[in-house]
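Reader: I would like to go through this model term by term, asking each time what stands behind the word that is used.

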Amino acid sequence: TDTIRFIRPIDAEERTRLVERYGEDAKGFNISIQFADKSTKLAVESLDDVRKQGIALVNIGSERHVIAANIKEASPFTKADADKLSGDKGYTLNQTFRSRVDTTAGAVLSSATPAQIMERREKVLATSTSSSPAAKPK
């Protein structure tokens, strides 16, 4: 799991495009998983199914979820950072980002503040540790 950058749900519009491109078998996909190398895999499990496996997820905004244990730190994403990406690197930023989240699988941008990211991380780690199947005595 340390190579997963983020997981996001697949909405109805995207599912329609997948079915048009890949056929009826694509109807069952519920989430898209992006890895450190930026490759993507589709899965039939839902975000809730992933959580039930004891994997704590942090919503970083825009329906993107990062594995809490993979988050190393969150730092402010400044206007200078945005200008550098759009100017030097040629990226188009379609939304306002407030933080850069460094994970074991690389950095991702977030619309949440660094403090919100770290608070969410601590909250889900505390919750998942106490309620995950692996943490419960048998």
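**Terms and the values behind them**

Author: Seven salt bridges are found when the whole structure is searched, a salt bridge being a side-chain nitrogen of Lys or Arg within 4 Å of a carboxyl oxygen of Asp or Glu. The model is a predicted one, in which local features need pLDDT of at least 70 and side-chain atom pairs count only at pLDDT 80 or more, while totals for chains, interfaces and linings use all residues. Residues are numbered from 1 along each chain as its sequence is written, and side-chain values use heavy atoms, with hydrogens and water left out.

Reader: What makes the contact of Arg-17 with Glu-13 a salt bridge?

Author: The closest N and O atoms of Arg-17 and Glu-13 are 3.2 Å apart, and the pair therefore meets the limit for a salt bridge. Both residues belong to helix H1 (residues 12-22), where a spacing of four residues separates them by about one helical turn; helices (H or I, at least four residues) and strands (E, at least two) are DSSP runs, numbered from the N terminus. An α-helix has 3.6 residues a turn, so residues three or four places apart point the same way.

Reader: Why is Glu-13 called exposed, and why is Arg-17 called partly exposed?

Author: Buried means under 20% relative accessible area, exposed over 50%, and partly exposed in between, with a 1.4 Å probe and protein chains only. Glu-13 has 56% relative accessibility and therefore counts as exposed, whereas Arg-17, at 45%, counts as partly exposed.

Reader: Which residues of H1 are buried, and how do you know that they are on the same side of H1?

Author: The buried residues of H1 are Glu-14, Leu-18 and Val-19. They cover an arc of only 140° around the axis, which puts them on the same side of H1, the arc being that of the directions from the helix axis to the C-beta atoms. The face turned away from this buried side carries the exposed residues Ala-12, Glu-13 and Glu-20.

Reader: What makes Asp-48 and Arg-51 a salt bridge, and where do the two residues lie?

Author: The closest N and O atoms of Asp-48 and Arg-51 are 3.1 Å apart, and the pair therefore qualifies as a salt bridge. Both lie in helix H2 (residues 47-52), three residues apart, which is about one turn of the helix. Asp-48 is partly exposed, with a relative accessible area of 46%, and Arg-51, at 35%, also counts as partly exposed.

Reader: Why is the pair of Phe-77 and Phe-97 called edge-to-face?

Author: Rings of Phe, Tyr and Trp (its six-membered ring) pair if their centres lie within 6.5 Å, and planes under 30 degrees apart count as stacked, over 60 as edge-to-face and the rest as tilted. By this rule the count comes to one aromatic pair. The ring centres of Phe-77 and Phe-97 are 6.2 Å apart and their planes stand at 85°, so the pair is edge-to-face. It links distant parts of the chain, 20 residues apart, with Phe-77 in the loop between S6 and helix H3 (79-87) and Phe-97 in the loop between H3 and S7. Phe-77, at 12% relative accessibility, counts as buried, and so does Phe-97 at 16%.

Reader: How do you know that the charged end of Arg-64 sits over the ring of Phe-6?

Author: A charge sits over a ring if NZ of Lys or CZ of Arg is within 6 Å of the ring centre and within 35 degrees of the ring normal. The charged end of Arg-64 sits over the ring of Phe-6, 5.2 Å from its centre. Arg-64 lies in strand S5 (residues 64-67) and is buried, with a relative accessible area of 15%.
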